[in-house]
Amino acid sequence: MLNKILVPDIGEFKNVEIIEILVKKGDKIKKNDSIITLESDKSSVEVPSEYEGIVEDIKVKIGDKVSKDDLLITLKSKIQLNEKPEEKIPTATKKIIQEAEKTLVLKEEFKEPKIINKKKESDEKIEIVKSGDIDPIETKEWIESLSAVLEKDGKYRAQYLIKKLIEHSYKEGSDLVLSRNTPYINTITPEEETKSPGDQNIERKIRSLIRWNAAAMVVRANKKNPELGGHIGTFASAATLYDVGMNHFWRAKNNKFGGDLIYFQGHSAPGMYARAFLEGRISSKELDKFRQEVNFGGLSSYPHPWLMPKFWQFPTVSMGLGPIMSIYQARFNKYLINRGLLKDEGRKIWCFLGDGETDEPESLGAIGLAAREKLDNLIFVVNCNLQRLDGPVRGNGKIIQELEGIFRGAGWNVIKVIWGSYWDSLITKDKTGLLIKRMNEAVDGEYQAFKAKGGAYVRKKFFGKYPELLDLVSKMTDRDIWKLNRGGHDPHKVYAAYHSAMQNKGTPTVILAKTIKGYGMGKSGESINITHQQKKLAEEDLLYYRDRFDVPLTDDQVKNVEYYKPPENSPEIKYLKECRIKLGGNLPERSSFAKGIKTPPIDIFKTMKESTGKKEMSTTMILVRMLTNLLRDKNVAPRLVPIIPDEARTFGMEGFFQKIGIYAHEGQKYEPVDSEQLSSYREDIKGQVLEEGLTEAGAMSSWIAAGTSYTNHDISMIPIYLFYSMFGFQRIGDLAWAAGDNQTRGFLIGATAGRTTLAGEGLQHGDGHSHILSSVIPNCKSYDPTFGYELATIFREGIRRMYEKQENIFYYITTMNENYPHPAMPKDKLIEEGILKGMYLFKEFNKYKKTKIQLLGSGTILREMVAAAEILQKEYKIDSNVWSVTSFNELRKEALEVERYNLLHPESKPKKTYIEQCLSLTEGPVVAASDYIRLNSDQIRPFISKGFYSFGTDGYGRSDTRKNLRKFFEVDKEHIVTYSLSVLAKEQLIPSKHAKDAIKKYNINPEKPFPTKL
Ligand SMILES: Cc1ncc(C[n+]2csc(CCOP(=O)(O)OP(=O)(O)O)c2C)c(N)n1
Ligand SMILES: [Mg+2]
């Protein structure tokens, strides 16, 4: 049977060019193998074969223009043309859908094993408070019915009935919104709590020692030098939350298991050091180097992998970044599993955050994604100490209730851990319902004061509101009342919550743990507004702290703020170590056993290095072509992670939808509206593209997760995140800084870049400074290439350095949407080195050998420079060298190092900067320009010993044509000619009349205000 392969539906495009033919006559091809690459003026896309067979004839050639239904090849094959095409949904996806559907049904049918309330409460227990109740007897009947259901059929049945009642009331016309909140009590009832298998006595002792040493290291550092700072209050509030995790839940990475990933709250770092000290991983000498990192071996103030690369895994101290990064980390784990690159070992991602921190938009901004993607590998623990830095998080409200509503609304499993075990019997004893009512009523400002002001105060202000509650505690002393503990300080409650979170399936979990800021710090810092910054403890408070936690130190030792570590064979140290051995090793610990990725062969980049002839292309398109080629390299292809925040079509990447699919954890449950088209929107559980939707912070967090996969999963991935360059560093600068700290490896592509190049979009889109922003990140290498071969050279080197040599750097490359022809890569061997170092001689104009000027241009403005050089030669007999500057940033970094070396070696022969090597033997002054603000090219000014003049796009961008914009910002060829003539006149190399004439000729208004003022 002879089958014809025609051009499929390619959307609105007609007459698109064939740029590659990927098969030969006689080739045996499989269904879906790519046969031809088509390229419109916006994107390139591969056409797959619909059939399996042997290529009989190729009916087209490279350069042909084709449209829908044109014949491409004929194929000898066994399959009939009219055979029913295979169903579009891949089998794996279908299976997942079926399984998901099955579990849905199961969940509905699932009945909670009956929990018989052992102490069945009498009628009084459910007597409700009368206020607002118009018919208490009716209410009582309803409640009794519900109690009966709870007792007989369990809570799921009760919940089901309530749900039905609510639905029914809506149907009948009620539009009252029912609360997403549960009462202000623990989610897990005492009867449902799973008990900790640990030895509570020993665990308390260990925790006390960790508390002590954590506080001591801060106090000691500040005794030495008060400017060092540090925090005691945060960890003091969270010690139990960490301890229970460390002793019982968090599994380390080892050769059998990938390890849980823990995002520690930044300000609790001293607690992690203090535990590592007891474990013998950190010495007392090192503890004494807390916040003194300049000389080797210091301990970072907060989690910083860059500074402690064998210890910290995640930088978290910039509030909000830990939470969002952990969500995308959990999602990336599932992505790797679904793509078959990682074993599913049930690993968990835990993220600790402060309650104040939840105000950061990044903290809560992605919780919807976590629920949508069913990230049951993710557990948030919010340390609700009710305080932030200046005062209460919600003085007049209740942060726990607020967060409960938000997380539950988003679809999370919420576990509230509010009250400690001492409250259990009180809650049981309360027959009036008033205790829970009072708990619900009191606001956080009051709860904070209760813990700062003692038992008598709590009796009066909390219980005192209702006589029945005063009765309830009448037999308790003030001390007993003071001992009524909060859930987050009760290891039993915390254990039960963690255990429950570990079992949860299908949704992420948040644990809202109520704690006390500065727990144990006494008058100098417990639950008071200044707690956060308290880094000193008065002598009496240190003694109090010692006594409160029974730390075996003498008064003198306390006054000297000595550390305490029991002997190695003590029960405490043995217990602590055994716990970690059981859990597979130490935490936190950072390591990488990832294998390198072989740099793809030169020929993958061959087409990028050839001339495009007359064909005009943008560098963004060339990049997409290059990625398409890279997907044919077997080493690189599976590791590529293209990340796009809803801009694939802008960048011409829609061809990737069909080719590698969009990652979707449930596959594709619908037939896409454009299913007939070649670039149809294809979601797949094995999809490779991360189509993030409109979230730059989310996309950046995905990029970080993928770019640190080499350490977190021991598999190197190559994330390539493409974005509008203006919405890059400016928008997610803090995440980019954290990415550097995290030693992320990957490519950031600032596409459609340049203030005059992205013409119509205007002020908020026109980027003229992203290279300045990227330049401040020490391990980020930025490039602004003009031509395809420059881009290919930089990209290949990036892969070589980051993945073959495994260097901890990342690349920021700008690509543009302006179409122009690209020349072939010059044969000179030094070109490649020049491209990578930041500049090379692109073209020499040497006709008249009289007056010369050096023109340095970058990105699209290099082309204005070339055009200006032609005019200068033709009309003014002025020669020039045109230099392509691929990176002013790289030039500056190298020059700074050389200059420093020379200054510190005054008697040695000075080394030459690369800029000097390029320019020192050339003639004439230097004119430099880019599509970025002058600061970009000004970066090299100090290293040039000739007249240096820089031009750029300072000021707000605006919408217009490229030509008008370049004229406005004075970076068009006419301005470059004019300024060059003026510069040469200033340097007394030519008379000034040429510049004057040019100003007139090109209609330049010398009185026009500087663009920054317009
Ligand atoms: C982005 C950012 N803004 C401000 C700070 C300064 N800061 C550090 S901690 C803190 C208060 C934190 O309060 P909370 O999140 O409740 O933590 P906790 O009470 O547990 O210390 C502030 C404002 C920061 N670290 N990061
Ligand atoms: Mg707080």
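This is a predicted model: local features need pLDDT of at least 70, side-chain atom pairs count only at pLDDT 80 or more; totals for chains, interfaces and linings use all residues.
Ground rules first: local features need pLDDT of at least 70 and side-chain atom pairs count only at pLDDT 80 or more, while totals for chains, interfaces and linings use all residues. Residues are numbered from 1 along each chain as its sequence is written, chains are lettered from A and ligands numbered from 1 in the order written, and side-chain values use heavy atoms, without hydrogens and water.

Entry 1. I searched the whole structure for aromatic pairs and got 52. (Rings of Phe, Tyr and Trp, the last by its six-membered ring, pair if their centres lie within 6.5 Å; planes under 30 degrees apart are stacked, over 60 edge-to-face, the rest tilted.)

Entry 2. I looked up Y184 with W419: edge-to-face, 5.8 Å centre to centre, 85° between the planes. Y184 is in the loop between α2 and α3 and W419 in the loop between β12 and α11, so the pair ties together parts 235 residues apart in sequence. (Helices are DSSP runs of H or I, at least four residues; strands are runs of E, at least two; both are numbered from the N terminus.) Y184 is buried at 0% relative accessibility, and W419 is buried at 3%. (Buried is under 20% relative accessible area, exposed over 50%, partly exposed in between, using a 1.4 Å probe and protein chains only.)

Entry 3. I checked Y184 for a charge too: the charged end of K398 sits over its ring, 4.3 Å from the centre. (That takes NZ of Lys or CZ of Arg within 6 Å of the ring centre and within 35 degrees of the ring normal.) K565 likewise lies over the face of F277, at 5.6 Å from the ring centre.
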